[in-house]
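Here is a short report on one protein chain.

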Amino acid sequence: MIYLNNAATSYPKPLSVVDATIGALRAMPASALRSSLADDQLLPTLRERLGELFHIADTHRIYLASGATDALNRVIGGLDAPAIVATDNHNSVLRPICNRRGTSGYQLTSLTPDLESLREMLDNDKPKPGTLLVVNHCSNVTGHIHDLSPICELAHEHGLLVLADVSQSAGCIPIDVDGWGIDLLAFTGHKALMGPQGTGGYYVHEGIDLRPTIFGGTGRDSSIITYEDGNWEYEVGTPNLPGLAGLSAGVEVVLQQGVRHIFEQERAQANWLIDALRATAGVKVYSTGGEAQGPVVSFNIEGLLPSDVGYILQNSYGITVRTGLHCAPLIHQELGTAPQGTVRASLSCHTTDAHLQALVDAVGEIRRSL
């Protein structure tokens, strides 16, 4: 089988991730801060590794959650602020924002606004200070990478907070939270970080008043029932220690390989795939390629629904891809691919040139068969 659906969940997982997860399951059950049996180094080590990967000095401000969806809901729901959101965002951003109550609303921007267009919009609309600008670092449909550093600088000139969704970039594209000035960050563990499903988290810059949306036991001071003076606690309930042990091992693998090395390899492969698909008659490619290309490529074959292409690739060629709207419906309206969506091939550090050649050969053969 050729697996090209890593934008959904990476596969295969490194052996060290499997061993760490199983090892935590075999160990005596214990929760951090709740038992003398707890591994006091597991979560601090994970935070240190995440801080090294994302370039976050204040690692104690990295909070763990069940994934990016959980993290984004906590961040968006915990800020009583209007939001500006680009239409290439995932439903994990769009739905929490568009279904909030008690805030002053939201505004949609274009698919991939250049810096000058964004500047013009902010100058004309004059959003309120404290407005949340949500940016998808790497599109899960086209693979386009937003340059976050100048976006953050421009946003801060207008008093905005920047929330970066790095679900598709964490582990495969360099991220510099402190250097770029990112205020809030949400990530998932089961994609390029190579961790198990049900892991992830978020970062909150010091000074941002984020009200928790979930309350419960923390194992720290059980006498507190009502919090005062914003002395919030963000990690509540029993943590997913087996999953987080696997995530820590996955982040270690990424650090050992080097995220820059992974990025350059996958970018070169993605650009090769884009060029090869463009050269195939009857194939429409929606990823633009170039320096700002991540490991996600979307295309369609003329005369076939994306779902049919995915079925044929899986059952006739043993190639796993993803088809449909990819939980990002608004971008397809701008691409002209709604309501059927696209065929999406997404790479990982395990993807080989032979895997991509097999996909191109299969797509060409399917097209010729029409």
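## Overall build

The protein chain holds 12 helices and 13 strands. These are DSSP runs numbered from the N terminus: helices are H or I with at least four residues, strands are E with at least two. The radius of gyration is 21 Å, close to the 21 Å that the globule rule gives for 370 residues, so the chain is as compact as a globular protein of that length. Here the radius is taken over C-alpha atoms, and the rule is 2.2 Å times the number of residues to the power 0.38. The C-alpha trace spans about 70 × 55 × 30 Å along its principal axes.

The model is predicted: local features need pLDDT of at least 70, side-chain atom pairs count only at pLDDT 80 or more, and totals for chains, interfaces and linings use all residues. Residues are numbered from 1 along each chain as its sequence is written, and side-chain values use heavy atoms, with hydrogens and water left out.

## Burial and contacts

Of the 370 residues, 55% count as buried (under 20% relative accessible area, 1.4 Å probe, protein chains only). Take contacts (heavy atoms within 4.5 Å) between residues at least 6 apart in sequence: 68% join residues at least 24 apart.

## Site at T87

T87 sits in the loop between β3 (83-86) and α4 (91-98). Its relative accessible area is 7%, so T87 is buried.

Terms used: Buried means under 20% relative accessible area, exposed over 50%, partly exposed in between (1.4 Å probe, protein chains only).
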